[in-house]
Amino acid sequence: MDAREIEKCIDEFGTDIYRFCLKLCMDKSEAEDLYQQTFLKALEMEWTLDWEQNPKALFFSLTHNLWKSNRRKQ
């Protein structure tokens, strides 16, 4: 995934992902960190997004998995 695709994803459903982060973390600063981690992780991974499928669900899944991982570390 390249920066242009990430930018498109942020434009398309970034607000929904941010709201999901807020719901999970219940803290604004932690939610912002999780939001950034989600899109940075997506940029690092070598995904090929299929816009015919549901890429939004992929990001929700990634966000949830990162949140669970962070909780385990604590």
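The questions below concern this predicted model.

Q: What makes the pattern of the protein α-α-α?
A: The protein has three helices and zero strands. Read along the sequence, these elements give the pattern α-α-α.

Q: Why is the radius of gyration of the protein said to agree with a compact globule?
A: For 74 residues, a compact globule would have a radius of gyration near 11 Å, and the protein has 12 Å; the value therefore agrees. Along its principal axes, the C-alpha trace spans about 35 × 20 × 20 Å.

Q: How do you know what span to expect of helix α3?
A: The expected span is 1.5 Å times one less than the number of residues. Helix α3, residues 55–73, has 19 residues, for which 27 Å is expected. From its first C-alpha to its last, α3 reaches 27 Å, close to that expectation.

Q: Which residues of α3 are called buried, and on what grounds?
A: Buried means under 20% relative accessible area.

Q: Why are the buried residues of α3 said to line one face of the helix?
A: Seen down the axis of α3, these residues fall within an arc of 100°, so they line one face. An α-helix has 3.6 residues a turn, so residues three or four places apart point the same way.

Q: What makes R71 and R72 exposed residues, and where do they lie on α3?
A: Exposed means over 50% relative accessible area. R71 and R72 are exposed and lie on the face of α3 turned away from its buried side.

Note on methods:
Residues numbered from 1 in each chain as written. Predicted model: local features only at pLDDT ≥ 70, side-chain atom pairs only at ≥ 80, totals over all residues. Heavy atoms only, no water. Helix = DSSP H or I, 4+ residues; strand = E, 2+ residues; numbered from the N terminus. Arc of directions from axis to C-beta. Buried < 20%, exposed > 50% of the residue type's maximum accessible area, 1.4 Å probe, protein only. Rg over C-alpha atoms; globule rule 2.2 N^0.38 Å.
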